[in-house]
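Here is a colleague's note for a first look at this structure. Please read the points in order, with the model open beside them.

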Amino acid sequence: RVPKEKPKAEAAPKPRQAPTDEAQMAAAAALARLELKPKAKPPSSQEAIKNQVRKELMAEAAASEEGLSAEEKDLASPDREGAAAPSVSGVYFICPLTGAVVRKDQKEKHLREAIQSYFSVDPVAASIMEIHTFNKDREKVRVGVETVAKYLDNIYLHPEEEKYRKIKLQNKVFQERISCLEGIHKFFQAIGFETKTLPVPGQETTEEYYVLKEEMLTKLEDLRDYKEQLLSSEPVRAQLDRQLSVFKPSPEAARFELPNDFYNLTAEEIKREQRLRTEAVEKASMLRTRAMREKEEQREMRKYNYTLVRVRFPDGYILQGTFYARESVSALYNFVRGALRDDWLPFELLGPGGLKLTDENLAFNECGLVPSALLTLAWDAAVMADIQAAGKEQPASPLKPELLSRVQTLS
């Protein structure tokens, strides 16, 4: 025992503590070359954080040369310091305008391009999309569009009044509430305003105005429709792609390796988490109260925006999907029903330890089902007994044939 205990005592002090930020950044590339031997133990959460920090630093250094983002660099790299391949390649979204499936880091760029291309189809609708989608402060958007609506109401109600058809661009209200919104100037141009430099009454100076074109006075009903459209529109949101997958029965069902997309952390936050986890190793042996443990668990849950969920069926087949961490569990029940041949069959989902997920209104993170979870599906015993008593022949698998036709092997 003595020879075995001695190395542990020597390995406990400072060599195990995380290096400083400066040291990490300076040595990131060197670490990749020098650490030739993989860790003997399977990658723990702490090791996963270290790997992510290292990858982030190396990727950022090389991305500018190769034109790749940090996440694209990570996907292109065949070696991940001995870590297992991720359970899913990343988080993806479906564009509601084009139907294209794009990675999370490409979502906003794709939306911008899709809306921009829509200007050739309907410039008014496209400009309204820009206003509601790319201005993140919803309160500013509300105030801005309501102010624009008042301008348009005045024109619609008083078409004979020339003063209502002119909007001074340097007006304080216009500058503070309207001009600051992305897409708003395209909207004015699309609905029939043009920019004109006009003299200021009683002065020798000029100022810029938006002036409604004369021909729009014959299209006042259109103007009113544009106002209603502006007020009632919502942001264009890409839909989270569930990335539905079906796997054959596997003993690896409970093993998850998540990509960086699942983290709600920046590179700097990941480095800070590494230091905190190093400190947590020393605190692990300390007696903690239940409140302390729950606080740490809640803090852990907030690190993730998404969760990867697997549902194991009684026949062993596994259904996998990606969800928002703050999405309600009802989405999972709908997801499972959508994969069944007979979606009317009642079932229950059981969490770790056989705990039933009975409250579908709870969020995944409230149930402790982040960043990943393996659940078990159980049929309603009474209903299944009635089906058997009726002598109805049951299919080999309850999953839809089209899903079984692309079943995969879980690696």
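1. Terms for the cores first. A nonpolar core is a set of buried Ala, Val, Leu, Ile, Met, Phe, Trp, Tyr and Cys residues joined through side-chain atoms within 4.5 Å. Buried means under 20% relative accessible area, exposed over 50%, and partly exposed in between, with a 1.4 Å probe and protein chains only.

2. The basis of the note. This is a predicted model: local features need pLDDT of at least 70, side-chain atom pairs count only at pLDDT 80 or more, and totals for chains, interfaces and linings use all residues. Residues are numbered from 1 along each chain as its sequence is written, and side-chain values use heavy atoms, with hydrogens and water left out.

3. The chain overall. The protein chain has 15 helices and eleven strands. Helices (H or I, at least four residues) and strands (E, at least two) are DSSP runs, numbered from the N terminus. Of its 411 residues, 37% count as buried. Contact means heavy atoms within 4.5 Å. Among contacts in the protein chain with a separation of 6 or more, 70% come from residues 24 or more positions apart.

4. The largest core. This nonpolar core has 30 residues, and F313 and L332 have the most contacts inside it. The most come from α13, with five residues. Which residues does F313 touch, not counting residues up to four places away in sequence? They are L319, V336, L340, L377, W379, P398 and L399.

5. A second core. It is separate and has 25 residues, including V148, I178, I191 and L212.

6. The β3-β5-β4 sheet. Three strands form this open sheet, in that order and with antiparallel pairing. Two strands pair if DSSP finds at least two bridges between them. The edge strands are β3 (166-168) and β4 (193-199), each pairing on one side only. From one strand to the next, the twist averages 35°. Axes here are lines fitted to C-alpha atoms, for helices over the stretch in contact, and angles run from 0 to 180 degrees between N-to-C directions.

7. Pairing inside that sheet. β3 and β5 (residues 206-212) run antiparallel and are joined by three bridges. K168 has Y209 of β5 as its bridge partner. β4 and β5 are also antiparallel, over seven bridges. There, T197 has E208 of β5 as its bridge partner. The hairpin of β4 and β5 has six residues between the strands, and G202 takes a positive phi near 80°.

8. The β2-β1-β6 sheet. This open sheet of three strands is antiparallel too. β2 and β6 (239-240) are at the edges with a single partner strand each, so one side of each has no neighbour in the sheet. β1 (residues 92-94) pairs with β6 over two bridges. I94 stands opposite Q239 in β6.

9. Helix α5. It covers residues 107-118, twelve in number, and reaches 17 Å from its first C-alpha to its last, close to the expected 16 Å. The expected span is 1.5 Å times one less than the number of residues. H110, L111, A114 and I115 are buried in α5. Why do they line one face of the helix? Seen down the axis of α5, the buried residues fall within an arc of 130°, so they line one face. That arc is of the directions from the helix axis to the C-beta atoms. These buried residues pack against β2 (101-103) and α6 (123-134).
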